[in-house]
Amino acid sequence: MANINRNLTGHAACWFSGVLTLTICLSIIVFLIIKGANVISWQFLTENPQPSLQEALSGGILIPIIGTILLVGLGTLFAFPWALATAIYLSEYGGDNQWVNSLRAGIDVLAGVPTIVFAIFGLAIFTHPGLSYFSTMVEGVANAKAFGRSFLVSAFTMAMMVLPFVTKSMEEAIRAVPQTYKEAAYAIGISKWRTIYKVVLPAATTGIITGIILGVGRIAGDTAIVWLCLGGSMSMTGPQPWWIPQNWLDTMQNTGSTLTSYVYYSSPAGEGNSPNKAFGAGLVLIIIILALNSLVDYLGKFTRVKEG
Amino acid sequence: MELGKDSTLATGLRKVTSVKGISSSKHWSMKENLIEKLLLAFTLLSSILIFFIIFFVISRGFPVLQASGIHFLTTGGWDKQFTTAWLAGAKQNVATFGALPLISGTFYTTLGALLVAVPFGLGCAIFLTEMCPAWLRKPLESAVRLLAAIPSVIYGLIGLIVIVPFIARNFISNEMALKMIKICALDGTSLLAGIIVLSMMIGPVFITLSSDALMAVPRRYKEASIALGVSHWRTITRVMLPVARKGIMTGAILATGRAIGEAIALSMVAGSVANLPSPAHGLVFFLEPVRTLASTIVDNAEGMGVVSCESALFACGSLLLLSSVMLSVLARLVSSRVSREVR
Amino acid sequence: MQAAKNSCKIKVDNLSAWYGSYHVLEDVYMEIYPRSITGLIGPSGCGKSTFLRCLNRLNDLIKSFRSEGAVDFEGENIYERDVDVVLVRRKIGMVFQQPNPFPMSVYDNVAFGVREHNRQVKKIDLDEIVKQSLERANLWDEVKDKLNHSGLSLSGGQQQRLCIARVLAVMPEVILLDEPCSSLDPVSTAKIEELLLQLKNSYTVVVVTHNLGQARRVSDYLGFFLNGKLVEYDTAFGVINNPREKSTGDYLAGNFG
């Protein structure tokens, strides 16, 4: 008799947890859509943010959107070759010795470090005068040293943050390529690098792209590094207009905003002037991230179909 | 055209007549070596990065840790100390700090979030793998993945707009606020809000890893148990969960790491005061604002221009780094140890 | 079945091999003659596949592998230090037990090795080489309209012939085959055996097989391996009809497998 009770409570508890999770998720989505969709309009997406205490006059999120795209692009640009080279070396040349195994362990450890630690690390490193190319001296407190914040600084920091994650993903993809393809290539006299370049990497392409997309998602969604290394300014602080090619480098050496910093800034935790617009920006951000995740799923199915 | 071995085309492909080192192949293997060295360089860069980050963070935090000694871990007063140091600017390069409220903030929020997320998360994982009707499985899996994909700043925003005012309206009365006025302001940003938001953030990770672990349990164990007449629930608790132990523990460790390192969402909802909530206050304990090591760095980021403040922040960073390294090591130990037992 | 005994293509001289501490081959001596098919038979685990993989140094890929002795290809020991192993594998090609075409089109599969060995090859020459290789592998008629289809879309037997064409395209002198028909149906097997008999006119062929009937059908020379040792090696006729060793006779009679 007691057993049946225990069974029932056990099952009920699990059902409850499952339904609760689903409810929470649905509520969050519905809430975001309701709050955010009101605000989103073509104007909202294409106007720049304006400094204003009144929400209605505070403009749109064009610069944050561009900031996110810029940061993601630069960060991926820095991280991709680095991660790919490391992944190739570890899986194809590394072998099984102490150093390679401890490097893998080190990469795992780095993957667990909170992004805020990367953020202060990046911020402090780029304060060094030798690295002053990457940012213009923006602010200094009296009697203190100035520190550099910019898109370039943030992009490097993002690249370091996302490196372990992307490297692991790519390494898995490369290892998943059947050994027999490599043997076939060796057996007709193809050298090691050519085998990797022409047989292994093409076969691992979808997995590698998945790794990049996951990295992109993490960069797009991170706030800690952006808030510290990019600052909370709403507009691009380089020479204006920031979008002409002559000013591109300068723009990257200066600060700006991304969707994540915009949300933080506009919420009651920041200036708090436009909480509704924060939801709008948040909704746009989530849509972008969901689109990326669906792309990953689609690529996953695509690989499975190809291998029949 | 018979492509015999003597045709000119054939000779073109067979440049070599002997297999010993030929000049063309030497140049070729030089290129191979070069590429291998290049890949090695990038890989070395990765390993240097790891050491450098650890070294840098700890060495920058060291001045404050050294000056404060054990008091860093055992005393409080952070906010006042920070402001004083910041105003002093470059005149004073080292100051002592007490981070106890921050450490306890991290501890309480993480513990609270785990106490909520682990049971519910495990229940959800069991539901997903063992009891979920087919039509509900896809939606629920997608829901979990969605929750995992939401950026932390949005959880913070929702917490700030929904949860914090809710707590302020329903749990905090005027008398309560007046009583606590000398210690801190009760405005809804609180330990409770932090726990709620944090558990929503770490839940999905834990659910995913636990359900993976449960699905990896070989069917034959479950079938053997059921065939012996053991009820479904007992099969789950007595047979499947023990076998899935490794994955579930790894999930919990990862969730803990995530909770400890969360900065943005907690800085939005848990409060911006370095307050040390005391259980002696009764239930108000949960309603007091707290700040964690991670959210302190966010809140006090403007101090990075002043050496003493920067050192204090790096000291917090060092603690975070150390704890994440320890958790990573723990996760590896769990993976290797438990698998030996299960075999 | 008298081949010119003075010009042997490959001479294996006291070859011994280990996987870690496991002694897999012991003092093997064998002369392999050009323009013939040498069959290697023996029960599972006797070392015949390992031996085959020694001939093109494919065992180098296995970390715990160690060998002693020499494998002379046209007079030069391929295990010496300054030998370019990549060149060795161009001249001594291999076909595997499980067909393993690349995940590329039929054309690209055959062209792959050619392109790698000669970057400047012109398309028109490449087309010709691909066609001739597929013809020599008895596959041309079946795929000539499907050159752009994926290699993986062919049947098992066709994939294996594609792998043979891929090897033929780089114009080796020796072709090693490791149980090439063991995953194929009888019809495909017959086609491959027929192909081998054609190929021996231009190449030196070494085939590992666990199918005694196949060994009988195609081999000019036969080597019987047992527990890592080459127990008997002679013309196929000699080994089958007058085995010198008792174990050879037992194996051929099917007394053990």
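This is a predicted model: local features need pLDDT of at least 70, side-chain atom pairs count only at pLDDT 80 or more; totals for chains, interfaces and linings use all residues.
Residues are numbered from 1 along each chain as its sequence is written, and chains are lettered from A and ligands numbered from 1 in the order in which they are written.

**Helix H6 of chain B**

I looked up H6(B), residues 134–149, and found its end C-alpha atoms 24 Å apart, which agrees with the 22 Å that its 16 residues should span at 1.5 Å a residue. In H6(B) I found B:Leu140, B:Ala143, B:Val144 and B:Leu147 buried (20 or more other C-beta atoms within 10 Å of the residue's own; exposed means 12 or fewer, partly exposed in between, with C-beta atoms placed from the backbone). These four cover an arc of only 95 degrees around the axis, which puts them on the same side of H6(B); the arc is that of the directions from the helix axis to the C-beta atoms. On the other side of H6(B), I found B:Ala134 and B:Lys138 exposed. An α-helix has 3.6 residues a turn, so residues three or four places apart point the same way.

**Chain B against chain A**

I found that the contact takes 73 residues from chain B and 73 residues from chain A, where contact means C-beta atoms, placed from the backbone, within 7 Å. H2(B) supplies the largest share of the side of chain B that touches chain A, 17 residues.

**Chain A**

I noted 13 helices and two strands in chain A, with buried residues making up 49% of its 308 residues.

**Chain A against chain C**

Here 14 residues of chain A are in contact with 20 residues of chain C. On the chain A side, H7(A) gives the most, with six residues.

**The sheet of chain C**

I traced an open sheet of four strands in the order S2-S1-S4-S5 (chain C), with antiparallel pairing; two strands pair if DSSP finds at least two bridges between them. The edge strands, each pairing on one side only, are S2 (22–32) and S5 (76–77) of chain C. Eight bridges join S1 (residues 10–19) to S4 (residues 65–73) of chain C, and C:Ile10 stands opposite C:Phe73 in S4(C).

Methods: The expected span of a helix is 1.5 Å times one less than its number of residues. Two residues are in contact if their C-beta atoms, placed from the backbone, lie within 7 Å.
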